[in-house]
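Trainee: Please take me through a close look at one part of the structure shown below, and state the cut-offs behind each term that you use.

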Amino acid sequence: MNLGWKEMKRNKGRFLIVGSIVFLISFMTLMISGLANGLSKDNAGLIQAMPDGQFYLNEDAKENYLLSTIDEGSEKGTAFSIQMGSLFDPNGKQQGVAFLTASPSAVFPAVQKGDVLLDRSLAKEGIQIGDSLTNNGLSGTLRVAGFVDDSKFSHAPVAFIHSADYEDMFQTNDRQILFSMNSAAEQLDGLQTFSKNEFLQTIESYKAEQLSLTMIISFLVIISGLLFGIFFYMMNMQKIGLYGILKAMGVSSRTLLRMIWTQMAVVTGTALLLSILASQLFNQLVPQEVPFHLSAANTLWLSGVFFIIGFLGASLSGVQIKKAEPLKAIQQGEN
Amino acid sequence: MTTLELKNIRKQFTNGGASEDILKGISLSLQKGEVTALTGTSGSGKSTLLTIAAGLQLPSSGDILFEENRMSALSAEARRNIRATQFGFVFQSAHLVPFLTVEEQLLLMLDTAESTLGKSERTQKAARLLQLVGLEHRRHAYPASLSGGEKQRAAIARAVIHEPKVLFADEPTASLDSSRSRDVMKLLLDLTRELQIATLLVTHDEEMLNYTDRVIHMSDGAMARANSLIQ
């Protein structure tokens, strides 16, 4: 007989309250996680979308890509540069962008001199293919040759331009970053190696933003863990006399533990399922302008964490069950 | 035929450095098909003796023999297993599981005793026993909707559904009025006879002794006298 299920059927209200709290906390955590991922994509989607490989910066740059200089003609990989700037559309409206130029490779889209490829978010600002855009540092104009997806850097849409236009605009032949698709890091003279994640951490704004959001998610997970534990503890404290009586009758602690694990699994599982559905619905309905991205992997990972926390919280109550004294329960019941 | 035998049971409690003898060398044997009553004033040690006999606590010295098993030599798990499969319990308060129906209380006990019966056989057995205790019409009722007498009858049915060899009943009529108390005692006696159980009962109600086969009067942790009522 599944005692856990029987009790839940009989005391629906009590378990509904616990389930609602688990739902609200997990939903809030998924929402914040979605925002963290959205902001992360908005800040460094360009880098995240790059294939796995190694990034190299000049050793003297002290892990700051803006201070790094790499020879454009390096044969070890793709040399590229990113500079924040702006473009004026045909209506004279200024758009903040991150200019990117790279040596010819399959890593970034190829661009002809005088052309520009823009992140698709600028299409929503009214910019169209064929438009001529200007920049104060550029002698000519840039013709919009097309749009690309998921290319944002430092919360700005990326503008892919030809190296000649870049050099015209920023007056430099040097590149900042060397990227190699080799999975193993290679020691290059005067250069420091970074994995993709390590390189993302060198971007100060990304690091600070993600650190704050990670802290919030961590605290939410810790607080929810404590809440799970407290709720199951309180529920079991109320039943400690019953556990003692059942133990006196010969019901094993294992059966009682299975009872609370069943309850934890049903309550947490149902609440998580609902919060996943609600967050995925939000993911579909949220306006494009809101940086929100909740991947299936992230959702599953967080759900797994919540499930483990719920299991630990319920197991903590198992200690009470182990300690429940049949004799004490009988004597207390008789008074 | 002896089912459970207590030999020279002593129990000492230490309180603030001073030790107190709660039981002073009690010996008794419980026979199949008989109700043995322990009676005496409050604090005479009768409930302590019952819990020791039931393996819920160990004596300071002395032996409890159940079918050649020395209870004090068994592990806690082995004693639990004996409680689950061979013993039945009726408490002063019925102590029914609040979220199980009357029928489910009985089925839980069959689960606990690891009964080899199939699902339908279990249900049939529960139905038969509920009919015997007059609760067949309340089989789907929850404890909250039962009267005191009904609760106690359900608790008795739960205590014997797995056909235990020994039934322990601690003041089973204490929370009932005289009429219901007599009903419950008659039921206990009938079941003891029918299922050939050895029943050990604690009561302070003199009238209820009429429904027992043997009475052991306890005073100050010792047996004052024992009367056999068997004709």
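Mentor: Over all chains, the structure holds 23 salt bridges, each being a side-chain nitrogen of Lys or Arg within 4 Å of a carboxyl oxygen of Asp or Glu. This is a predicted model, in which local features need pLDDT of at least 70 and side-chain atom pairs pLDDT 80 or more, while totals for chains, interfaces and linings use all residues. Residues are numbered from 1 along each chain as its sequence is written, chains are lettered from A and ligands numbered from 1 in the order written, and side-chain values use heavy atoms, without hydrogens and water.

One of these bridges joins B:Lys165 to B:Glu67, at 3.0 Å from N to O. B:Lys165 lies in the loop between α5 (148–160) and β7 (166–170) of chain B, and B:Glu67 in the loop between β4 (61–66) and β5 (69–70) of chain B, so the pair ties together parts 98 residues apart in sequence. Helices (H or I, at least four residues) and strands (E, at least two) are DSSP runs numbered from the N terminus.

Between chain A and chain B, the count is one salt bridge. A:Lys6 pairs there with B:Glu104, and their closest N and O atoms are 2.7 Å apart. Chain A gives 20 residues to the contact and chain B gives 25 residues, where contact means heavy atoms within 4.5 Å. The two chains bury about 2200 Å² between them, 67% of it on carbon and sulfur atoms; this is the accessible area (1.4 Å probe) lost on putting the two parts together, summed over both.

Four residue pairs, both residues at pLDDT 80 or more, are in polar contact between chain A and chain B (N or O atoms within 3.5 Å, one able to donate a hydrogen and the other to accept it). On the side of chain A that touches chain B, α1 (3–10), α6 (240–248) and α9 (326–334) of chain A are the elements that give two or more residues. That side of chain A divides into 12 nonpolar, three polar and five charged residues, with Ala, Val, Leu, Ile, Met, Phe, Trp, Tyr, Cys and Pro counted as nonpolar, Asp, Glu, Lys and Arg as charged, and the others as polar.

Technical notes: Polar contact = N/O pair within 3.5 Å; in protein donor to acceptor, adjacent residues only side chain to side chain.
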